Amino acid sequence: MKKLLVALLLAPTAALAHTGHGGGAPLVAGLSHPLGGADHLLAMLAVGLWAAGIGGRAIWALPLAFVAAMVAGGALGAAGVGLPLVEPVILASSIVIGAAIALALRPGLAMVLPVIAVFGMMHGHAHGIEGPAQGLAAYAAGFALATAGLHGIGIALGRLPLARWLGAATAAAGLALAVA
């Protein structure tokens, strides 16, 4: 575990920069941003997968916590407020959530929601930093809608018998991104 943490901290963050989302209509840029980076895409699908795996209130609580924290993180990023370890935590999100799905972990919401919120905050921060100077509200609405849609796809996939395998694949893909 210590080696994984060291690898995440030393992982090159420039490779994860998502360019090309600032031009065009802000809503379209916001909608496309979560789809433009594998690190975001993996984590957002994984939130839905894990929510489905936990079941009950988690089905709505995990996506809601992620999106709410993501919007708050986006506001911080757009305002120029720095947060430490943004890219390593973004990478860790798909690894951690994917592993939790693969292992069929179902902790209580009191344990899961703060973790999901931290991951959402960091993803949002990256969105906010990379967002357009004009039309920030439309951009934020776009990335919130796209994220909610990805969570919904993850929830649908999480109801399939192969959900644990999808979690393992998510963790492996996240790990590959971390060491790339």
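What pLDDT does the protein chain average, and what share of the residues score at least 70? The average is 88, and 87% of the residues reach that score, where pLDDT is the predictor's confidence in each residue, from 0 to 100. So what you have here is a predicted model: local features need pLDDT of at least 70 and side-chain atom pairs count only at pLDDT 80 or more, while totals for chains, interfaces and linings use all residues. Residues are numbered from 1 along each chain as its sequence is written, and side-chain values use heavy atoms, with hydrogens and water left out.

Helix 4 has the highest mean, at 97, and helix 1 (residues 2–10) the lowest, at 39. Over residues 1–22 the pLDDT stays under 50, and for that stretch the model has 31 contacts beyond four places in sequence; a contact means heavy atoms within 4.5 Å.

Now for the fold. The protein chain has 8 helices and 0 strands, so its pattern along the sequence reads α-α-α-α-α-α-α-α. Both kinds of element are DSSP runs numbered from the N terminus: helices are H or I with at least four residues, strands are E with at least two. Of contacts between residues at least 6 apart in sequence, 85% join residues at least 24 apart. The chain has 180 residues, and 45% of them count as buried. Buried means under 20% relative accessible area, exposed means over 50%, and partly exposed is in between (1.4 Å probe, protein chains only). In total the chain exposes about 8,300 Å², with carbon and sulfur atoms supplying 76% of that; the areas come from the Shrake-Rupley method with a 1.4 Å probe, and for residues only the protein chains shown count as cover.

Next, the inside. In soluble globular proteins, nonpolar side chains tend to be buried together. Here the largest nonpolar core has 32 residues, and those with the most contacts inside it are Trp50, Leu62, Phe66, Ile97 and Ile116. At least two core residues come from each of helix 3 (38–54), helix 4 (58–78), helix 5 (86–102), helix 6 (109–130) and helix 7 (136–158). Helix 3 gives the largest share, 8 residues. A nonpolar core, for the record, is a set of buried Ala, Val, Leu, Ile, Met, Phe, Trp, Tyr and Cys residues joined through side-chain atoms within 4.5 Å.

Is Ser93 buried or exposed? Ser93 counts as buried because its relative accessibility is 0%.

Most residues other than glycine have a negative phi. Leu85, in the loop between helix 4 and helix 5, has a positive phi near 60 degrees, and with a relative accessible area of 47% Leu85 is partly exposed. Ala104, in the loop between helix 5 and helix 6, has a positive phi of about 55 degrees and is partly exposed at 25% relative accessibility.

Gly55, between helix 3 and helix 4, counts as buried at 17% relative accessibility; Gly55 is 51 residues from Arg106 in sequence, but their C-alpha atoms are 8.6 Å apart. Arg159, between helix 7 and helix 8 (163–179), is exposed at 59%. Arg159 and Leu49 are 110 residues apart in sequence and 7.9 Å apart, C-alpha to C-alpha, and the contacts of Arg159 beyond four places in sequence are with Ala52 and Ile59.
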